[in-house]
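User: Can you walk me through this one? Keep it simple, please.
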Amino acid sequence: MKLKSPLRGWETRWGLFFIAPWLIGFAVFYLAPMAASIGFTTLHMDLANPDRQHFVGAANWIRALTADPEIYQGIGRTLLFTLVTLPVGFAFALVMALLLNSRLLLGTSWFRTLFYLPTMIPLVAGVLIWAGVLNEQTGWMNRLIQTATGFHAVGVAGLRWMADPALIYFSYTLIGLWGLGNTILVLMAGLQAIPTELFEAAEIDGASWTVRMTRITLPMLTPIIFYNLVIGLIGLMQYFLVPFVLNGGSGFPDGWSNFIMIYFYKQSFDYNNMGYGSVIAWIIFFIGLLFTALLFGTSRRWVFYAGEKE
Amino acid sequence: MVQSRTLIWKKWGLTALVLAILLVFLMPLFYGASMSIKSKQQIAALDSGLVPQSPATYSYQGKALPLVRVPLPDGSTRELALQTKRRTMSMFIDPVHPEAPALEWQGNWRALKPVTHADPQWKNYPESWNTIDFLKLLKNTALYGLISTIGTVFSSGLVAYGFARFKFPGKNILFVILIATIILPPAVTLIPTYAFFFKIGWVGTWLPLMVPPFFANAYNVFLMRQFIMGIPRELDEAAKIDGAGPIRTFFQIIVPQALPAVVAVGLFNFFYCWNDFFGPLIYLAGHPELAPLSIGLTQFNNMYTSQTNLIQAASLLACVVPLVIFFAAQRFFIQGVVMTGVDK
């Protein structure tokens with residue numbers, strides 16, 4: 001025991017030395033700001049006029065929870081958009097992963113590279129390119145639909161992807177498809193990790209494609225599906241870039257792009273209302289936490305960890 | 001034999017299906033390329049094709065006459081220059097025999113189809129390059145990307161080494177906290193961090209964007225730790241016997257062995273910076289001379305809403321550097337994505 005003790009001290013010292021950058025960063029950029037953020041919610045705070053800063057108690061919280069319909073609208077729109085975009089985006093990624101992983105596909109590596117390519121396109125550039133494609137007059141989307149189906153899609157009376165509240169979330173979802181390269185890759189890696197014996201055994205039993213899909217592939221993928229749902233949900237709670245680039249936070253069309261993160265930005269940086277902004281930030285945090293907890297709560301019923309015993 | 005034939009059909013069928021999806025998936029890129037070389041008139045002409053067209057003309061006695069396709073009584077069609085326009089009768093010059101007398105043609109000239117030729121507006125690229133001051137945006141973005149990438153690769157590597165190779169009290173709890181910060185929405189820490197940088201006078205400079213990466217990033221630490229744990233400890237031990245301290249072991253053994261992870265983390269961070277929007281938006285507000293591409297492009301889009309061609313040209317210009325890097329370092333990239341996503 002006595003011999004080990006100096007070695008342990010040596011390891012502790014070096015270990016702490018190496019993780020020191022993170023320890024400092026955590027204290028300065030996470031711990032202190034989180035603590036301060038709680039304090040900020042009780043202040044009327046305007047960085048440009050520090051002398052007007054004063055303690056307001058729970059006033060910010062009361063206003064946010066009882067007197068500000070924009071908060072509820074922001075949360076509602078964000079959740080509604082999540083409900084549209086998360087299943088569609090995830091289904092697309094899963095189908096693409098299955099197709100790109102298929103033994104029947106020719107030129108696999110070419111396809112994989114080309115499907116990943118849009119993920120590399122800078123987000124803002126991607127949004128602007130898509131905004132052009134979805135333009136109701138000159139965009140190719142409407143012209144493609146019109147040529148293919150004969151439906152009169154082009155023009156002001158046609159499909160107004162960016163201006164029609166019924167379509168706008170689907171337009172955002174389409175734009176989001178270009179960011180799914182990593183999800184597709186991770187799902188593909190998950191598919192490749194499924195032991196082939198399972199499929200071979202199923203084939204001997206004469207299991208159909210549907211049975212293999214629902215009894216082997218999907219259950220074995222559930223941990224990755226679960227991880228992606230959690231990450232996707234947290235990301236979508238802070239959905240900001242696409243609507244902000246397209247309309248600068250104006251809420252166009254008709255308030256449908258007033259997501260909660262846009263409202264957070266407006267209160268904090270446009271109106272310089274940082275005390276109130278902190279309250280909104282915490283609301284975003286709690287809602288994300290609530291849904292993550294719900295996902296974790298239900299995970300026992302549907303997430304299958306191959307390494308665990310029943 | 002029959003079996004293998006159906007297999008071949010299945011293969012080609014599936015490949016055709018994936019190819020069709022791919023074409024629709026990448027269609028916006030073709031659209032962007034096509035729009036970026038059109039003039040405003042060419043965009044407004046809805047029937048214009050992929051490659052922009054302009055009406056062809058024929059120069060006759062110092063005048064530019066429009067070329068049109070004229071159906072002749074003998075059933076043939078010829079490209080002639082329209083000299084005199086009348087409702088029921090028009091005069092044409094034959095470009096092949098300009099010295100011959102003008103041809104008379106009965107019918108309404110408006111019904112004739114004009115001859116067009118490919119007329120790409122390459123000048124849109126230099127024009128948008130200059131209007132947006134692309135070089136400045138590129139320089140700002142690259143500088144932000146490079147400095148913060150160096151910072152995060154170096155610091156995250158050190159921290160990952162600490163977590164992977166040393167035992168110290170509280171290590172497991174600290175690692176759980178580190179992972180938890182990945183799930184924490186940045187909105188919660190944003191306002192106090194902003195207020196802090198405001199107080200020390202850093203708002204309006206690059207420092208709030210470039211300094212924090214030097215204090216490690218949870219994602220990168222996680223990825224590098226996973227990788228370092230896979231390096232055989234015998235290598236460390238051998239270096240130790242040779243008298244190398246932990247710092248030398250890190251630089252001479254760990255970094256070369258973990259190179260794929262180092263490159264993957266570097267690339268991820270570089271692309272993160274290339275895309276970063278919120279950070280520059282709040283910290284560089286009111287300083288257009290410091291703005292990166294993401295902000296510059298957005299402002300350009302707001303100011304030149306009607307100039308679809310210039311916006312598309314600028315957007316495609318912004319894709320060049322990331323795409324070149326992607327094709328050069330594809331292998332590292334895909335490896336890195338898989339490493340983070342599956343080992344959870």
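User: Where does P253(A) lie?
Analyst: P253(A) sits in the loop between α11 (241-247) and α12 (260-270) of chain A. Helices here are DSSP runs of H or I with at least four residues, strands are runs of E with at least two, and both are numbered from the N terminus. This is a predicted model, in which local features need pLDDT of at least 70, side-chain atom pairs count only at pLDDT 80 or more, and totals for chains, interfaces and linings use all residues. Residues are numbered from 1 along each chain as its sequence is written, while chains are lettered from A and ligands numbered from 1 in the order in which they are written.

User: What kind of peptide bond joins F252(A) and P253(A)?
Analyst: A cis one, with omega about -5°. Most peptide bonds are trans.

User: And what is phi of D254(A) near?
Analyst: It is near 55°, a positive value in a residue other than glycine. Most residues other than glycine have a negative phi. D254(A) is in the loop between α11 and α12 of chain A.

User: New topic. At what angle do α8 and α10 of chain A pack?
Analyst: Helix α8 (residues 181-192) and helix α10 (residues 209-237) of chain A pack at about 160°, and their axes are 9 Å apart. Axes are lines fitted to C-alpha atoms, for helices over the stretch in contact, and angles run from 0 to 180 degrees between N-to-C directions. So α8(A) is roughly antiparallel to α10(A). The cut-offs are under 35 degrees for roughly parallel, over 145 for roughly antiparallel, 65 to 115 for roughly perpendicular, and oblique for the rest.

User: Which residues make the contact?
Analyst: From α8(A), T183(A), V186(A), L187(A), G190(A) and L191(A). From α10(A), L221(A), I224(A) and N228(A). Contact means that C-beta atoms, placed from the backbone, lie within 7 Å. By class, five are nonpolar, three polar and none charged. Ala, Val, Leu, Ile, Met, Phe, Trp, Tyr, Cys and Pro count as nonpolar, Asp, Glu, Lys and Arg as charged, and the others, Gly among them, as polar.

User: How do α13 and α14 of chain B pack?
Analyst: Helix α13 (residues 293-303) and helix α14 (residues 308-328) of chain B pack at about 170°, with axes 10 Å apart. That makes α13(B) roughly antiparallel to α14(B). Among the contact residues are L297(B) and F300(B) of α13(B), and I311(B) and A314(B) of α14(B). The contact has six nonpolar, two polar and no charged residues.

User: How many residues of chain B are in contact with chain A?
Analyst: 72 residues of chain B are in contact with 68 of chain A. Helix α1 (residues 2-36) of chain B gives the most to its side, with 14 residues. That side of chain B has 50 nonpolar, 17 polar and five charged residues.

User: What is the mean pLDDT of chain B?
Analyst: It is 87, and 96% of its residues reach 70 or more. pLDDT is the predictor's confidence in each residue, from 0 to 100.

Technical notes
Contact = placed C-beta atoms within 7 Å.
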